[in-house]
Amino acid sequence: MGKVFVCDHPLIQHKLTFIRDKETRTKDFRQLVDEVAMLMAYEITRDLSLKEVEVQTPVATANCKVMSGRMLGLVPILRAGLGMTDGILKLHPTAKVGHVGLYRDPESLQPVEYYTKLPTDVQERELIVIDPMLATGGSANAAIQVLKNNDCSQMKLMCLIASPEGVKAVQEAHPDVDIYVAAIDSHLNEKGYIIPGLGDAGDRLFGTK
């Protein structure tokens, strides 16, 4: 069963409060999401591999460490996942970015893939699937399955806010994927919105309704 990590650093929790606030304007909302994503990136990349190298400082030779092994790949779920991507890229500018686009079929209510574009070496990278909200888990599960269908094997899921129902759905469908969130909220309402949540992340990021 995949593990669930709640990133409870005080800076993350402080900024998440203003992300939730309905009075926060689009510009500030976008900036806060970007900042929290950057802070969460510290936690989600904690187990990246390192190797020792020798460098010459101005006064002596030093044995230091640099990242090694698999490089990062970021896969935001369109469109809301885009709002968190730049924050991670600020810390890991060499990461390559793929995209998975999904929409919900109005009759079946199931996610439908409409766009996928992945780096050519995606199978060789450790992937972070990005979506601000983990509500029912439908979109996250579908995106993860798209990646597995493309022979990707190492990935994590990164969200701002999750519902217990969404966490359970991902753990059952993809027990090999760890989940990183800033908060797990109370429940889903009858419309599938996380309570208390923050509303529609995509609309608040891009100023749409």
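**Entry 1: ground rules**

I number residues from 1 along each chain as its sequence is written, and side-chain values use heavy atoms, with hydrogens and water left out. Because the model is predicted, local features need pLDDT of at least 70 and side-chain atom pairs count only at pLDDT 80 or more, while totals for chains, interfaces and linings use all residues. Helices (H or I, at least four residues) and strands (E, at least two) are DSSP runs, numbered from the N terminus.

**Entry 2: α1 and α2**

I looked up how helix α1 (residues 10-20) lies against α2. Their axes come within 9 Å and cross at roughly 155°. Axes here are lines fitted to C-alpha atoms, for helices over the stretch in contact, and angles run from 0 to 180 degrees between N-to-C directions. The two helices are therefore roughly antiparallel to each other; angles over 145 degrees get that name, those under 35 count as roughly parallel, 65 to 115 as roughly perpendicular and the rest as oblique. The crossing of α1 and α2 is left-handed, a word used if the near helix is turned anticlockwise from the far one by less than a right angle, with right-handed for clockwise.

I then listed the contact (heavy atoms within 4.5 Å). From α1 it takes L11, I12, K15, L16, F18 and I19, and from α2 it takes F29, L32, V33, E35, V36, L39 and M40. By class, the contact of α1 with α2 has 11 nonpolar, no polar and two charged residues. Ala, Val, Leu, Ile, Met, Phe, Trp, Tyr, Cys and Pro count as nonpolar, Asp, Glu, Lys and Arg as charged, and the others, Gly among them, as polar. I also noted a general point: an α-helix has 3.6 residues a turn, so residues three or four places apart point the same way.

I looked up D34, which sits in helix α2 (residues 26-44). D34 counts as buried because its relative accessibility is 12%; buried means under 20% relative accessible area, exposed over 50%, and partly exposed in between, with a 1.4 Å probe and protein chains only. Leaving aside neighbours within four places in sequence, D34 is in contact with G83, D86, G87 and K90.

Which residues of α3 are buried? I found G83, M84, T85, G87 and I88. The elements that cover them include α2, β4, β5 (96-97), β8 (126-130), β10 and α6.

**Entry 3: strand pairing**

I looked up the partners of strand β6 (residues 99-104). Strands pair if DSSP finds at least two bridges between them. β6 pairs with strand β4 (residues 72-78) in the parallel sense over two bridges, and I77 stands opposite V100 in β6. With strand β7 (residues 111-117), β6 pairs in the antiparallel sense over six bridges. The bridge partner of H99 in β7 is K117.

I went on to β10, where eight of the eight residues are buried. β8 and β10 run parallel and are joined by four bridges; V129 has L157 in β10 as its bridge partner. Strand β9 (residues 133-134) also pairs with β10 in the parallel sense, over two bridges, and M133 stands opposite I161 in β10.

**Entry 4: α4 and α5**

The axes of helix α4 (residues 138-149) and helix α5 (residues 164-173) come within 9 Å and cross at roughly 25°. That makes α4 roughly parallel to α5. Their crossing is right-handed. A140, N141 and I144 in α4 meet A169, V170 and A173 in α5. These residues divide into five nonpolar, one polar and no charged.

I looked for cis peptide bonds. One joins L78 and R79, with omega about 5°, and R79 lies in the loop between β4 and α3 (82-91). Another joins I195 and P196, with omega about 0°; P196 lies in the loop between β13 (194-195) and α6 (201-206).

D151 has a positive phi of about 65° although it is not a glycine. I placed D151 in the loop between α4 and β10 (155-162). Is D151 buried or exposed? D151 is exposed, with a relative accessible area of 58%.

**Entry 5: E54**

I looked up E54 in strand β2 (residues 50-56). E54 is exposed, at a relative accessible area of 60%. Not counting residues up to four places away in sequence, E54 touches T61, A62 and N63. The C-alpha atoms of E54 and C64 are separated by 6.1 Å, and the two residues are 10 residues apart along the chain.
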